[in-house]
Amino acid sequence: MTISKFVTYEPSIAQTIIDDFKAKPGALLPLLHALQDRFSYIPNESIPLIATALMLSRAEVHGVISFYHHFRTQQPGRHVVEICRAEACQAVGARQLEHHAKQTLHLDYHQTTTDNTITLEPVYCLGNCSCGPSVRVGNDIHANMDPHAFDALVERLKTDLLEVLQ
Amino acid sequence: MMYHVYVPSDTTAKALGADRLARLMAIMAAEQGIELNIKRNGTRAMYWLEPLVEVETAQGRFGFGPVKETDLASLFAAKFWLGEVDHPLALGLVEDIDYLKKQQRLTFSRVGVIDPVCLEDYRSHYGFKGLENALNLSPQALVDQIKASGLRGRGGAAFPTGIKWQTVLDAPTEQKYIVCNADEGDSGTFADRLVMECDPFMLIEGMIIAGLAVGATQGYIYLRSEYPLAHLTLEKAIAIAYENNLLGPNILGCPQCFHLEVRLGAGAYICGEETSLLESLEGKRGLVRAKPPLPAIVGLFGKPTVVNNVLSLAAVPFILDKGAKAYADCGMGRSRGTLPFQLAGNVKRGGLVELAFGPTLRELMFDFGGGTRSGRPLRAVQVGGPLGAYLPDSQWDTQLDYEAFAKANAVLGHGGVVLFDDTVDMGEQARFSMAFCAVESCGKCTPCRIGSTRGVEVIDRIRAGENIEGNLALLSDLCETMIDGSLCAMGGMTPFPVQSAIKYFHEDFVKHSAPLSSAVSITNKQEV
Ligand SMILES: Cc1cc2nc3c(=O)[nH]c(=O)nc-3n(C[C@H](O)[C@H](O)[C@H](O)COP(=O)(O)O)c2cc1C
Ligand code: SF4
C-alpha cells in the first residue's frame with residue numbers, strides 16, 4: 001500500500017504555506033501550486049486567506065484559479081489520470097484511447113470513479129511525443145498506451161501497486 | 001574490474017521502463033559478482049532504441065537497445081559489459097549509428113552523453129567555457145557576438161536574438177530580467193525538455209551570459225507543469241550552481257551577480273506567448289498584452305526583459321565558446337546555425353535530430369524518421385505545433401529554412417514534426433485546431449474567442465454533409481477574420497492548419513458520409 005502524499009485541509013496548514021510564499025514577487029501561482037501539492041486541490045475555504053495575504057479580492061483569486069486548467073477546487077480521486085489529447089498522440093491512436101478510457105471507467109473528463117480511485121483529466125502534451133499515446137499519473141509518464149496497456153495501468157492503480165512496482 | 005554502463009533517465013526513457021531496468025540490472029550484477037557502475041545519462045533521443053543501454057570501452061561507447069527487462073538474462077549471458085559482443089540487440093558504437101552520425105549536434109553535443117546533474121561531467125565537456133569567456137567581455141561585445149552568430153529565436157517567431165538583447169541593453173533601467181520561456185506547449189516538441197532534463201547546466205550558463213550581456217541580475221525559468229522531471233532536474237542543477245558560485249553574488253569569483261528561479265505554469269497553452277507568460281509570472285491570469293510596448297522595454301513587473309526560448313538560450317554557451325562564426329557557418333540564407341528538429345507522432349524512428357538549416361522535410365521524415373510507425377503510407381505532416389500548417393506530399397521537398405517555409409505558407413516554429421498516416425481524417429484534425437483554440441484562447445479578443453467556437457460548429461456542419469460548399473465559404477471567411485482581427489498568433493494562426501487541411505485534403509471535407517456518427521467524434525464533441 002502507498003501512503004498518500006496529501007493531507008486533509010486545515011486552515012492553519014494553509015496559512016503557514018501562504019506565509020511562506022506571500023513575500024515573493026508574483027506569489028500567487030507558486031502559492032496555488034504549493035496548496036494543491038499539499039491538499040491535492042485548492043479548497044474554497046483557503047481563498048479568503050490567500051486574498052487577504054496578497055491584498056487581492058476573492059474574485060481575483062478565483063479568476064486566476066479558473067484561468068489555469070491545472071488548478072482544481074474539488075478534491076480529486078486517489079489518482080489523477082491525465083490522457084494526452086494533442087496531435088502527436090492523436091496520430092497514434094489517442095482518440096481511441098480516450099474513448100476506451102471513458103467507456104471502461106464510465107467517466108467523462110473532470111469526473112471521478114465512484115470508488116474514488118481515479119479522476120480522469122485531459123492534458124495537451126507531456127513531451128513524450130515519439131512514443132505516444134501518453135498518460136500521466138502523478139509524476140510518472142507512461143508511453144505507448146494502447147487500450148490494453150491502459151487497462152493494466154488502471155488495474156495497478158486500483159490496487160495501489162504502482163509505486164511499489166516501479 | 002569495474003565496468004561503466006549507462007542507462008538513460010529522461011522522461012521518455014523512464015516511460016519505457018528505464019528505471020526498473022537499471023534497478024534489475026544492478027541486482028543481477030550483484031548476484032553474479034560483476035562490478036557494474038551504472039550511471040544515468042540523459043538520452044540520445046533515438047527513441048525507437050530506448051531504453052538504450054551503453055557500455056564504456058576504450059574504443060568508445062557500445063550500445064544495446066531497445067532493452068526490455070526480459071532481455072537482461074541474455075545480455076548478462078553475452079557479457080554485455082565488455083562492449084563489443086554478439087547479441088541480437090547489439091548496435092555497435094553508438095556514435096556510429098547513422099541517425100546520430102548524420103546530425104550536427106552543436107547545442108545537443110552533451111545530451112545523452114553526460115550525467116545531467118554532474119558538474120564535473122559538464123565541465124569536462126566544454127561546460128562553462130563560454131561563461132569564462134563572457135566574464136572577460138563587455139556587455140556590448142557579448143551582444144555583438146550573438147548578433148554575429150545570426151541566432152534567431154527558436155520559440156517560434158524567429159526574431160533575431162542579438163537585436164532583442166541590444167534593446168534591453170540599451171534600456172536605461174537598473175532592474176532588468178532574463179525570462180526563459182520553457183512552456184514548450186506545442187505538441188510534437190520536446191527539445192526544451194531534453195535540454196532541461198539532460199543538460200540543465202547549459203541552460204543555466206546561457207541565462208547567466210544573457211544576464212551579463214544586458215545587465216540583468218535576476219532570471220526566471222517559466223516551466224510548464226506538465227514536465228515534472230524537468231522541474232526536479234532544474235531545481236537540482238540550480239542548487240548545485242549556487243553551491244559552486246556559478247549563481248549568486250560572485251559568479252566564478254568575479255564581481256558580477258545572477259540569481260535564478262524556476263516558476264511553474266499551470267496548464268495554459270497561451271502562457272507560452274511571451275506577454276501572457278509575463279502576466280502569469282506576475283501572478284495573474286495569462287491575458288495577452290497589446291504590443292507595443294515590447295517586453296524588451298516594458299516587460300516583467302514593468303521592467304526591460306529578455307524573453308527567450310530554452311533553445312535560444314541553450315545555443316549561447318556554444319557561441320561564446322567556439323565563436324559566433326562557428327555557429328553562423330552552419331545553415332542557409334538567413335537561417336544560421338542549427339535547429340533541433342523533433343520527429344513525433346506516427347513515426348518509425350522518432351527522436352531529436354539537430355541539423356543545420358537546409359535539408360528537405362522529406363529527408364528529415366524518411367532518411368531519419370524512416371516513415372510511419374504503422375508502416376502505412378504517410379499522408380499529412382504538421383510542422384511547427386498546433387498553429388502550423390498540415391503539409392501533403394507535394395510540399396515535402398520544401399527546405400528546412402524559415403524563409404522557405406514562409407513561402408510555402410507554413411512555419412518551422414519550434415521544430416516539431418508530427419507525422420500522420422493515411423488513416424487520418426483531416427476534417428477531424430481541422431476541427432481539433434478550432435476546438436483547441438476555443439479551449440486555450442485567453443479570451444481577450446472576439447475573433448479568437450468566439451471565432452474558434454463558430455469554427456468548430458461550421459466544421460461539424462461540413463462533416464455532417466450540410467450545405468458543404470456554402471459552409472466551406474463561411475469557414476474561409478471566418479479564417480480570414482481570425483487572421484486579420486486577432487491580437488496574437490493564437491487566434492491569428494489557428495486558421496493555418498484549418499486552411500491547409502481544406503486546401504490540400506479537400507476530399508476529407510466533401511465526403512457526404514462523413515463519419516460524424518462515430519463514437520469517437522461524438523466524444524470529442526462533448527468535451528469541447
Ligand atoms: C500561442 C502562442 C504560444 C507560444 N508558445 C511558446 C512556447 O511554448 N515556447 C516558446 O518559447 N515560445 C512560445 N511562443 C512564442 C513567444 O511568444 C516568443 O516569441 C518567444 O518566447 C520568444 O523567444 P525566442 O525569441 O527565443 O524564440 C508562443 C507564441 C504564441 C502566440
Ligand atoms: S488572439 Fe486569442 S489568445 Fe491571442 S489575445 Fe486574442 S483572444 Fe487572446
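The legends below describe a predicted model, in which local features need pLDDT of at least 70 and side-chain atom pairs count only at pLDDT 80 or more, while totals for chains, interfaces and linings use all residues. Residues are numbered from 1 along each chain as its sequence is written, chains are lettered from A and ligands numbered from 1 in the order in which they are written, and side-chain values use heavy atoms, with hydrogens and water left out.

**View 1. Packing of helix 7 on helix 10 in chain B.** Helices (H or I, at least four residues) and strands (E, at least two) are DSSP runs, numbered from the N terminus. The axes of helix 7 and helix 10 (residues 200–214) of chain B lie 7 Å apart at an angle of about 125°, so the two helices are oblique to each other. Axes are lines fitted to C-alpha atoms, for helices over the stretch in contact, and angles run from 0 to 180 degrees between N-to-C directions. Helix 7 of chain B contributes B:Pro139, B:Leu142 and B:Val143 to the contact (heavy atoms within 4.5 Å), and helix 10 of chain B contributes B:Ile209, B:Leu212 and B:Ala213.

**View 2. Surroundings of B:Leu137.** B:Leu137 sits in the loop between helix 6 (129–135) and helix 7 (139–149) of chain B. Its relative accessible area is 33%, so B:Leu137 is partly exposed; buried means under 20%, exposed over 50% and partly exposed in between (1.4 Å probe, protein chains only). Leaving aside residues up to four places away in sequence, B:Leu137 touches B:Leu142 and B:Leu320. The C-alpha atom of B:Leu137 is separated by 51 Å from that of B:Tyr504, 367 residues apart along the chain.

**View 3. Buried residues of helix 4 in chain A.** In helix 4 (residues 58–67) of chain A, the buried residues are A:Val61, A:Gly63, A:Val64, A:Ile65 and A:Phe67. Their cover includes helix 2 (28–39) and helix 3 (46–54) of chain A.

**View 4. Two cysteines of chain B, B:Cys330 and B:Cys445.** B:Cys330 is buried, at a relative accessible area of 17%. B:Cys445 also counts as buried, at 17% relative accessibility. With a disulfide taken as a pair of cysteine sulfur atoms within 2.5 Å, the count over all chains is 0.

**View 5. Residues 514–528 of chain B.** Over this stretch pLDDT (the predictor's confidence in each residue, from 0 to 100) stays under 50, and the model has 36 contacts for it beyond four places in sequence. Chain B averages a pLDDT of 96, with 97% of the residues scoring at least 70. The model scores ipTM 0.95 and pTM 0.96.

Notes:
Parallel < 35°, antiparallel > 145°, perpendicular 65-115°, else oblique.
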